[in-house]
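Here is a short briefing on two chains and how they meet. Have the structure open while reading.

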Amino acid sequence: MNGPEPLIADALREIAAEAPRPQRMADAAWQAGRRRRRRGLAAAVTAGAGAIAAVIALIVIVTGSPARPAGPPTLAAGPVALSTPIQFRQVAAISTHDCPVNSAAVLGPATSPAGSQQVPGTACYTFTQRGMTVTRLKSATVVKAGVGYAIMIRFFPADATRIAALTSKLVGQPSPHCQLAIIVGDRVLVAATVDQPIGSQAEIPGFISHAAAERLLGQG
Amino acid sequence: MDERVRQDFTEFVTARSAELFRLAYVLTADRHAAEDLLQNTLIKAAAHWGRIHSSPEAYVRRIMYREQVSLWRWRARRPETAMAQVPEPPEPDQAGTVEARLDLKGALLALPPRKRAVLVLRYLEDLPEGQVASILGCSVGTVRSQTHKAIAQLKLDAPSLGLSDTEVNR
C-alpha cells in the first residue's frame, strides 16, 4: 500500500455507490435554465448601450460562442471517423454455447435471464435483419460509468434518424427481440433492453478502462 | 432549433443524471443537498446548452464543482453546517477492516465541502493537481494545501485507517 490515496478513492467510490436514484429533473431544469438565460440577456441589454448591446447579444446567440471551460480529460470532442465501425443490431437469440464456426453469430458478454445485467462469462448472439452501421460520429466522449467507462456518442442527424427508427421498433418486443446489441469488430460489446427509442445521443457502456474506450475511437 | 436543443439536453440528462447524481452525492454527502446541487447545475447548463457543441459531460461536471465550491463559500459565513449521518453499515465481513472503512467514510463525509471536493477530484476522478486547480478556480498551491489538510483531518478522525505520519506530512 503506497499511502492513503487508494483507500480514500475506494471509500469515495463506496459513498457514490450508495447514492439513491435522482428524481427526473430534465424538464424543470430546462425551463428554469431558459428563464435564467432570458433574464441574463435582458439584464445585459439594459446594462449595455441599448440597441447596440441588443444587437451584439443577438449575434452571440445566432453564431454561438465557442467559449467553453476545459474540463476533466476527454477526447474526440469533434467529429470522429471510427477506426472500426459500430454496428447496432436487434438481438434474435442469445445462447450460452460457443458460436458455431463460419456462422453469422457473434460472441459477447453473458447476461442475466432478464437481459438487463451482465454476468461473468460469454454468450453467442444471433441477430435479426434489423440493424445499422455507423462509421462517423458527431462527437464522442469517454466518461466514467460506475466501475468502468462508457462512451457518450452523438450521432450525425442522418444516423440519429436511423437509430431512432431502429430502436422504436424494439420497444415493447418480447425478450430478446427488445435488445439492441452494439457490435465492434467481432464482438458484442453490450446488449441492452431498449425501453425508449434512442435519439441523437447514446451511451455505450462496458469498457474496463479509459484506454479501451479510446481504442474504439481510434485514439489509443 | 430550440426544440432540437431541448431534446438534446433532455437526452443528456436522462442518460447521465444517475452518474452525475452520484458525483453530487459524494460532494454533498446528503440526498437533498445532492438533488439541489444537481438541479442548480443542470439549470446553469440548460441556459447555455445550445452553445455546447461537444463534451457536455466535462462542462456539466465543471459547473457542479464550481457550484459546490461557491456553496462552500456561502456556508463558511454561517456558524453551523448540517452534517449528514454516516450511512448504514454493510454486512460485516472482517470486523477490523469494516470498522476502519466505516471510520474513513464517516471522516470523509464529515470533511468540509471544499476539502472533500479536492479529494474527489484528486482521487476519485484521478485528475492532476493543475486540472483540479483549473476546475475549482484556485491555485495549485491551494489544491496541495487543501489535500494535505484534508488527509491530516482524515487521519485524526479515522485513526483505524492507519495513515502514516510520513504520508500526511510529506
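What percentage of the 170 residues in chain B is buried? Buried residues make up 42% of chain B. The model is predicted.

**Chain B**
- Chain B holds eight helices and zero strands.
- Along the sequence, its pattern reads α-α-α-α-α-α-α-α.
- Take the contacts in chain B with a separation of 6 or more: 59% of them join residues 24 or more positions apart.

**Where the chains touch**
- On chain A, 47 residues are in contact with 57 residues of chain B.
- Four elements of chain A give two or more residues to this side: helix H1 (5-17), helix H2 (26-47), strand E4 (139-145) and strand E8 (201-207).
- H1(A) gives the most, with ten residues.
- By class, the residues on the side of chain A that touches chain B are 23 nonpolar, 13 polar and eleven charged.

**The helix pair H1(A) and H1(B)**
- Two packed helices are described by the distance between their axes and the angle between them.
- The axes of H1(A) and helix H1 (residues 2-28) of chain B come within 8 Å.
- They cross at roughly 120°.
- H1(A) and H1(B) are therefore oblique to each other, since angles from 65 to 115 degrees count as roughly perpendicular and only those over 145 as roughly antiparallel.
- The crossing of the two helices is right-handed.
- From H1(A), the residues A:Leu12, A:Ile15 and A:Ala16 take part; they meet B:Arg22, B:Tyr25 and B:Val26 of H1(B).
- This contact comprises five nonpolar residues, no polar ones and one charged.

Conventions: Residues are numbered from 1 along each chain as its sequence is written. Chains are lettered from A and ligands numbered from 1 in the order in which they are written. This is a predicted model: local features need pLDDT of at least 70, side-chain atom pairs count only at pLDDT 80 or more; totals for chains, interfaces and linings use all residues. Two residues are in contact if their C-beta atoms, placed from the backbone, lie within 7 Å. Ala, Val, Leu, Ile, Met, Phe, Trp, Tyr, Cys and Pro count as nonpolar, Asp, Glu, Lys and Arg as charged, and the others, Gly among them, as polar. Axes are lines fitted to C-alpha atoms, for helices over the stretch in contact, and angles run from 0 to 180 degrees between N-to-C directions. Angles under 35 degrees count as roughly parallel, over 145 as roughly antiparallel, 65 to 115 as roughly perpendicular and the rest as oblique. A crossing is left-handed if the near helix is turned anticlockwise from the far one by less than a right angle, and right-handed if clockwise. A residue is buried if 20 or more other C-beta atoms lie within 10 Å of its own, exposed if 12 or fewer, and partly exposed in between; C-beta atoms are placed from the backbone.
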